[in-house]
Every structure is written in C-alpha cells, then in structure tokens.
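Subject: A structure for you to explore

Hi there,

Here is the structure I promised to pass on to you. Have a look at it first, and then read on for what turned up in it.

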Amino acid sequence: MKKLVKNKNLIIMILCITIILLSVGFTLISMRLADQEENIYDVEIVNIQQGTAIRGGTVLPTGEASITNNGKTANFSFQLSTPNDTLTYIITIKNNGNLKAKIDGLAESPDYLSDNNQANSILPVIINHNDIINQELNPGEEINLTITAEFSSSGQAIKRTVPYEVSILTSCIQ
C-alpha cells in the first residue's frame, strides 16, 4: 500500500513539474512572437515640388503635376513656349515600410529618353532626369528624382504642351 501511495505521489509530482515547464515554455514562445514585427514593404511617391522655372522669353513656363496609382506614378503637363524655357520638378520617393527597398527602374510614358520617335515628337523640348536606378532605400529614407523639361536654345518660339508620366518600379531587399 505504501508503495502504491509513493507511485501516485511520484506521478503527481512529475505531472506538476511537466505543467510548470509547459507554462514556462509557452510564456517564452509568446514573448518571442510578440517581439517580432510585421514586415511592411511600402515605397511610394510622397511629394512633387516645383523647382526652378526659368523664363527664356516674356512668358513664364508653367506645369502641372499630380501623384496617382497609389503613390507609384507622377503625371506631368509642361507648357513651354520660347527657347531657353526650363521647368524643374523634384519628386520625393520614400520608403514608408520597415524593409529595405531598391529602385529597379522607371517606367516612362511616353519614353522621351529612349524612344527617338517620341523624343522627336516634342522637339524642341527635351526632357531628362537624374539617375536613381539601383539606389537602395533603408526604412524611412527618402530619395529625390529631378525631372527637367527644357526648350532647346536652337528651337523656334512655339507653344508646346508636353505630357509626361513616370512610375517607380521597386523591389524588396531582405
């Protein structure tokens, strides 16, 4: 009988120790899960600011800009009319997530930089921008893309309205 009671006490003691170890283990696992952040990937255009407007003649060049496509695309409309007119816009691209990101490229429409037919269709206006391809953005970091529309000094005075759209293509770096 004493042996039966000892076995029962031993089993109860082992079960109590098992319950205590399981509760400690579950507590540690829940603390580790609570410490892990949710990974967020969010790179977008947050601002378009007009830079310099240089007047080549009597009429100041003007333009309009807007952000569309959930912060992925910037739309422009440039109005230039005389040689040496220049408009500059600064696009601010920000990594709002907590993952590192990379700018893979820019999708331009119409592609005035690579497509000669498109570039010739807006002559004497020339559009260019700085190179931000392959730039990496840490969480919270910003980068500026500068778009310039310039009326060539060798062109004849003519009122030109030039549409332009640029979208950012990005990827996550882990």
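Let's start with a pair of facing residues: isoleucine 90 has threonine 146 in β8 as its bridge partner. Strands here are DSSP runs of E with at least two residues, helices are runs of H or I with at least four residues, and both are numbered from the N terminus. Before going further, please note that this is a predicted model, in which local features need pLDDT of at least 70 and side-chain atom pairs count only at pLDDT 80 or more, while totals for chains, interfaces and linings use all residues. Residues are numbered from 1 along each chain as its sequence is written, and side-chain values use heavy atoms, with hydrogens and water left out.

**Strand β4 and its partners**

β4 and β8 run antiparallel and are joined by nine bridges; two strands count as paired if DSSP finds at least two bridges between them. β4 also pairs with β1, again in the antiparallel sense and over nine bridges. Isoleucine 54 stands opposite threonine 86 of β4.

Is β4 enclosed or open to the outside? Eight of its 10 residues are buried, so β4 is largely enclosed by the rest of the structure. Buried means under 20% relative accessible area, exposed means over 50%, and partly exposed is in between (1.4 Å probe, protein chains only).

**An open sheet**

Five strands form an open sheet in the order β2-β3-β9-β5-β7, with antiparallel pairing. Its edge strands are β2 (62–68) and β7, each of which pairs on one side only. Seven bridges hold the antiparallel pair β2 and β3, and within it alanine 65 has phenylalanine 76 of β3 as its bridge partner.

**Aromatic rings and the core**

How many aromatic pairs does the structure hold? There are five. Rings of Phe, Tyr and Trp (its six-membered ring) pair if their centres lie within 6.5 Å; planes under 30 degrees apart count as stacked, over 60 as edge-to-face and the rest as tilted.

The largest nonpolar core has 29 residues, and Phe76, Phe78, Ile91, Ile93, Ile127, Ile147 and Val166 have the most contacts inside it. Such a core is a set of buried Ala, Val, Leu, Ile, Met, Phe, Trp, Tyr and Cys residues joined through side-chain atoms within 4.5 Å. Among the elements that give two or more residues to this core are β1 (43–54), β6 (125–129) and β9 (160–173). β8 gives the largest share, five residues.

**One salt bridge**

The structure holds one salt bridge, meaning a side-chain nitrogen of Lys or Arg within 4 Å of a carboxyl oxygen of Asp or Glu. Glutamate 136 forms it with lysine 100, and the closest N and O atoms are 3.1 Å apart. Glutamate 136 lies in β7 (residues 136–137) and lysine 100 in β5, so the pair ties together parts that are 36 residues apart in sequence. Glutamate 136 is partly exposed at 40%, as is lysine 100 at 30%.

**Backbone details to find**

Two peptide bonds are worth a click. The one joining serine 109 and proline 110 is cis, with omega about -15°, and proline 110 is in the loop between β5 and α2 (116–121). The bond from leucine 123 to proline 124 is also cis, with omega near 10°; proline 124 lies in the loop between α2 and β6.

Asparagine 84, in the loop between β3 and β4, has a positive phi of about 75° although it is not a glycine.

Enjoy exploring!
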